[in-house]
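Welcome! Here is a short briefing for anyone meeting this structure for the first time. Please keep the sequence and the 3D view at hand while you read.

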Amino acid sequence: MYTLGNIANIIDAELIGDATTKISGLASIDKAQKAQLSYVASDKHKPDLMRSNAGAVIITKSLIADCPTNALVVENVYLAFAKITHYFKQPAIQIGGIHPDAKINSENIANNCTIAKQVVIGKNCTISANTVIEQNVVIGDNALIQPNVTILQGCTIGNNVVISAGAVIGSEGFGNALDSKGHWHTIAHLGNVIIGNDVTIGANTVIDRGTLDDTQVCDGVRLDNLVHIAHNVILGKDSAIAAGVTIGGSATLGERCQIGGGAVIASHMYLSDDTIVTGSSTVDKNLNKGHYTGFTSISLHSDWKRNQMWLLKLNKIARYLNIKLKNLVSKQ
Amino acid sequence: MYTLGNIANIIDAELIGDATTKISGLASIDKAQKAQLSYVASDKHKPDLMRSNAGAVIITKSLIADCPTNALVVENVYLAFAKITHYFKQPAIQIGGIHPDAKINSENIANNCTIAKQVVIGKNCTISANTVIEQNVVIGDNALIQPNVTILQGCTIGNNVVISAGAVIGSEGFGNALDSKGHWHTIAHLGNVIIGNDVTIGANTVIDRGTLDDTQVCDGVRLDNLVHIAHNVILGKDSAIAAGVTIGGSATLGERCQIGGGAVIASHMYLSDDTIVTGSSTVDKNLNKGHYTGFTSISLHSDWKRNQMWLLKLNKIARYLNIKLKNLVSKQ
Amino acid sequence: MYTLGNIANIIDAELIGDATTKISGLASIDKAQKAQLSYVASDKHKPDLMRSNAGAVIITKSLIADCPTNALVVENVYLAFAKITHYFKQPAIQIGGIHPDAKINSENIANNCTIAKQVVIGKNCTISANTVIEQNVVIGDNALIQPNVTILQGCTIGNNVVISAGAVIGSEGFGNALDSKGHWHTIAHLGNVIIGNDVTIGANTVIDRGTLDDTQVCDGVRLDNLVHIAHNVILGKDSAIAAGVTIGGSATLGERCQIGGGAVIASHMYLSDDTIVTGSSTVDKNLNKGHYTGFTSISLHSDWKRNQMWLLKLNKIARYLNIKLKNLVSKQ
């Protein structure tokens with residue numbers, strides 16, 4: 001709990017408003033309530049700012065007139081936001097073994113795993129050797145957690161979930177703010193990962209927690225090995241993601257999507273229900289229901305070289321042909 | 001051990017045959033013996049069905065006439081198969097530490113690793129801290145198993161093998177059957193991973209076990225970091241796979257293949273001996289000996305945008321040019 | 001410490017020079033000093049050989065005249081080098097728990113992690129459960145090392161570094177020499193990983209140690225999850241690498257580079273300061289400052305199929321059009 005006065009000091013902001021206002025947490029601009037701080041880093045979110053219920057908002061000078069609540073005015077909003085996140089992040093508790101305050105309703109717990117305080121584990125779960133579960137994680141019934149898994153603080157896992165060896169749930173998102181000298185400042189990610197029922201997660205797969213809201217893996221999702229799910233991604237029910245797929249921050253997949261192995265889905269993409277993406281494709285636009293592909297078919301290296309030479313000139317060739325053909329037609 | 005009567009109940013099948021027949025395991029249609037159950041999910045395997053020695057086969061109505069043995073008739077064969085696999089899967093034993101029934105012929109075993117019962121470890125091996133080895137794993141002589149490795153039940157590892165930190169051997173394959181409501185049902189993978197002699201496996205690499213048969217990594221293979229080897233893949237002798245490669249289910253690589261970093265090999269592909277694939281390529285067809293490539297060369301983003309615009313219209317352009325040229329010629 | 005006589009025996013070389021010369025280590029040809037052995041496997045490095053200060057160099061017959069020091073003459077230089085590296089590699093010490101000879105200046109150390117002898121850990125660090133730190137690792141102040149991390153022998157980590165769960169620092173590079181029978185011989189990697197200050201490393205990311213020199217991650221670098229950094233890579237200050245990126249051996253990135261998720265950077269590439277690469281691109285040439293892209297945009301699978309058909313014939317089409325147009329023009 002910090003006052004706005006404290007926060008203004010920490011992020012070196014000009015406070016327009018009440019310095020005694022108490023702030024208990026951070027939230028995104030459309031969700032923040034009275035005791036919460038938010039930020040608006042781009043004019044795109046001006047409408048959200050104007051109707052925000054936040055206790056205070058970090059903004060630039062240009063948005064003061066549009067701010068209906070306490071304003072913390074800075075030059076670099078995203079950087080100020082990055083700095084303040086760390087004040088609301090709980091450190092993980094570092095004690096090996098099974099904490100007496102963990103509520104474990106299952107028998108099948110390897111004796112060398114680490115389960116922190118206030119963890120809740122449902123009935124009929126298996127927690128395998130060397131698995132580490134940080135504080136405040138909640139796991140439903142019938143989970144199978146394989147060896148060497150790490151589940152970081154505050155994540156929630158439904159019933160009948162399988163998490164394969166080496167997977168990491170709740171790692172920090174890759175959010176960093178640049179300062180004027182070109183140095184990165186890490187954003188502490190305050191959201192969690194929410195995993196529904198009947199989900200399976202492959203070996204060495206990683207799911208990042210959300211920045212302020214949660215990363216969501218809905219019921220029935222299947223994730224293969226070595227998959228990356230970035231912060232704030234939403235994976236709709238019964239979607240299946242094959243091995244080696246990289247999904248960028250805030251991408252949203254609908255229900256029953258199928259993504260082939262090695263595909264890359266760019267940040268902020270939106271895929272409708274029942275979208276199918278062939279393996280190795282790059283999703284660089286939003287997709288409606290359908291089957292999509294985007295990669296270069298393989299060929300002999302010597303042929304590939306010659307074809308790529310032309311591909312890299314395709315725009316010039318097309319323009320040249322157009323002119324050439326026009327000339328020919330006009331001369332006929 | 002289940003009777004066919006039990007199994008018919010479990011998978012809700014109509015049994016044509018002897019309900020008292022005892023089934024001790026599952027096998028693929030071309031390999032199943034008298035005490036084994038198999039399945040045929042597509043007409044493609046009708047010839048295998050007709051000469052199968054299986055004790056029983058899960059099929060649809062349409063194949064009853066071609067089934068030379070006990071038939072379990074269902075609507076969705078793959079789903080019925082997925083359900084029954086779980087009845088033949090041994091649960092992993094969850095006790096930390098080194099089990100007294102493990103046969104360990106080496107000294108260099110970290111005291112905080114987990115080695116389950118009936119594991120056999122040869123001479124002169126090093127098993128590093130926090131490594132977990134499940135029941136019935138067999139490891140030859142001179143192995144170096146680095147920290148935080150997970151080797152799941154029943155896998156076999158030859159002599160002189162190096163497994164780098166964080167690697168996972170024997171994870172479940174990504175096999176799931178869809179039901180009529182669009183929900184996935186996991187297939188329990190009953191095959192193992194068989195690793196030959198003189199193999200090295202990179203950090204955080206994952207090798208899935210086979211569905212019914214085994215995933216095979218032959219002698220002398222080199223796997224770099226963060227490689228995904230799916231279920232039932234066969235990697236021929238002395239093949240080398242660089243980092244970040246994703247190899248889909250049932251792909252087969254011959255001997256001395258070389259696959260560059262970040263390549264994707266689609267499921268079921270077949271690569272002959274001595275096939276070379278440039279890094280970042282997508283293997284979407286079977287390949288004979290040779291050097292192959294398939295990706296888009298990098299260029300300035302602005303050029304790429306213009307060239308891609310035409311690439312996405314290449315079919316239309318080619319047809320248009322063809323017509324245009326024909327017209328020009330006919331008018332001459 | 002071996003004499004050149006010993007080494008000549010081990011690698012089956014003809015020694016031209018003094019068999020009693022003592023060799024304490026290996027180094028690359030441009031850096032090797034009097035007590036060090038080096039190798040030159042290609043004529044490209046002849047100038048370096050000619051001015052080398054090495055105590056001895058492994059070469060082929062053809063370079064004898066250019067060798068200013070003791071020569072170890074073999075047929076396959078790279079294979080001889082691979083063999084001798086193993087004689088200079090220290091085995092990791094395999095004892096669980098925290099070694100009494102580790103110098104740990106922080107309180108927040110999980111009781112089930114493994115810290116080997118001669119490890120130095122600075123002030124105010126957190127070392128989480130199940131983390132394994134091999135001998136001679138040095139970690140600065142304020143490090144946060146999450147659970148299940150592996151840091152292999154001799155790596156150096158600066159101040160204010162975050163290493164996320166499951167990451168592996170200092171794994172062996174993917175360097176292998178082929179013998180005349182087509183078998184691979186592993187090179188023991190004798191370099192380390194040097195990580196600067198203010199670096200963050202994502203979950204399940206892997207950074208290989210250098211062959212002879214070190215892999216370098218400079219101050220302020222940001223690495224996301226599941227990134228592969230190969231041996232001898234140099235990542236310049238404040239560069240940011242998103243998830244799933246694969247960077248090949250000896251690639252060098254300048255300062256403030258930004259590499260999008262899923263990109264592949266081929267071995268030996270050089271990227272200038274401030275180079276930006278869009279996610280999923282393949283970097284197959286050296287790049288100067290600028291924004292670069294190289295992948296196939298996604299489209300409907302049916303369209304993709306038709307367009308790829310033409311792409312694979314682009315060279316033939318371009319040549320055909322050229323001839324066709326020339327004919328048309330000449331007939332006018």
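The notes below begin with the overall build and then turn to symmetry, cavities, cysteines and a few loops.

This is a predicted model. Chains A and B are related by a rotation of 120°, and the structure holds 9 cavities of 30 Å³ or more.

**Chain A at a glance**

- The secondary structure of chain A amounts to 5 helices and 38 strands.
- Three domains divide chain A: domain 1 covers 2-88, domain 2 covers 103-292 and domain 3 covers 301-331.
- How far apart do the C-alpha centres of domain 2 and domain 3 of chain A lie? The separation of these two centres is 45 Å.

**How the chains are related**

- In general, two copies of a chain are related by a rotation about an axis and a shift along it.
- Here, chain B is superposed on chain A by a rotation of 120° with 0.0 Å of shift along the axis, and the RMSD is 0.1 Å. This is the relation of a three-fold axis.
- For chain C on chain B, the superposition again takes a rotation of 120° with 0.0 Å of shift along its axis, with an RMSD of 0.0 Å.

**Enclosed spaces**

- Empty space can be found by rolling a probe the size of a water molecule over the atoms.
- The largest cavity contains about 480 Å³ of space. Its lining is made of 37 residues, and those closest to the centre are A:Gly262, B:Gly262, B:Val264, C:Gly262 and C:Val264.
- What kinds of residue line the largest cavity? The lining divides into 12 nonpolar and 25 polar residues, with no charged ones.
- The second largest cavity has a volume of about 140 Å³. Helix H5 (314-331) of chain A, helix H5 (314-331) of chain B and helix H5 (314-331) of chain C are the elements that each give two or more residues to its lining.
- Chain A supplies A:Leu314, A:Ile317, A:Ala318 and A:Leu321 to the lining of the second largest cavity. Chain B supplies B:Leu314, B:Ile317, B:Ala318 and B:Leu321, and chain C supplies C:Leu314, C:Ile317, C:Ala318 and C:Leu321.
- The lining of the second largest cavity comprises 12 nonpolar residues, no polar ones and no charged ones.

**Cysteines**

- How many disulfides are there over all chains? The count is 0.
- B:Cys113 has a relative accessible area of 1%, so it is buried.
- B:Cys67 is also a buried residue, with a relative accessible area of 13%.

**Two residues with positive phi**

- Most residues other than glycine have a negative phi.
- A:His268 has a phi near 70°, a positive value in a residue that is not glycine. Look for A:His268 in the loop between strand S33 (264-265) and strand S34 (270-271) of chain A.
- Is A:His268 buried or exposed? With 60% relative accessibility, A:His268 counts as exposed.
- B:Gln118, which is not a glycine either, has a positive phi of about 60°. The loop between strand S10 (114-115) and strand S11 (120-121) of chain B is where B:Gln118 sits.
- B:Gln118 counts as partly exposed, because its relative accessibility is 45%.

**Two buried loop residues in chain B**

- B:Pro147 belongs to the loop between strand S15 (144-145) and strand S16 (150-151) of chain B. Its relative accessibility of 1% makes B:Pro147 buried.
- Although B:Pro147 and B:Asn130 are 17 residues apart along the chain, 5.7 Å separates their C-alpha atoms.
- Where is B:Gly254 found? B:Gly254 lies in the loop between strand S31 (252-253) and strand S32 (258-259) of chain B, and at 8% relative accessibility B:Gly254 is buried.
- B:Gly254 and B:Thr3 are 251 residues apart along the chain, and their C-alpha atoms are separated by 40 Å.

Technical notes. Residues are numbered from 1 along each chain as its sequence is written. Chains are lettered from A and ligands numbered from 1 in the order in which they are written. This is a predicted model: local features need pLDDT of at least 70, side-chain atom pairs count only at pLDDT 80 or more; totals for chains, interfaces and linings use all residues. Side-chain values use heavy atoms; hydrogens and water are left out. A disulfide is a pair of cysteine sulfur atoms within 2.5 Å. Buried means under 20% relative accessible area, exposed over 50%, partly exposed in between (1.4 Å probe, protein chains only). Copies are superposed by least squares on the C-alpha atoms of residues with pLDDT of at least 70 in both. On a 1 Å grid over the protein atoms alone, a cavity is a set of points where a 1.4 Å probe fits but cannot get out, and a pocket is an open set with protein on both sides within 12 Å along at least five of seven lines; lining residues have an atom within 4 Å of a point. Grid points are joined across faces, edges and corners, and a volume is the space filled by probe spheres set on the points. Ala, Val, Leu, Ile, Met, Phe, Trp, Tyr, Cys and Pro count as nonpolar, Asp, Glu, Lys and Arg as charged, and the others, Gly among them, as polar. Helices (H or I, at least four residues) and strands (E, at least two) are DSSP runs, numbered from the N terminus. Domain bounds come from an automatic or database domain assignment.
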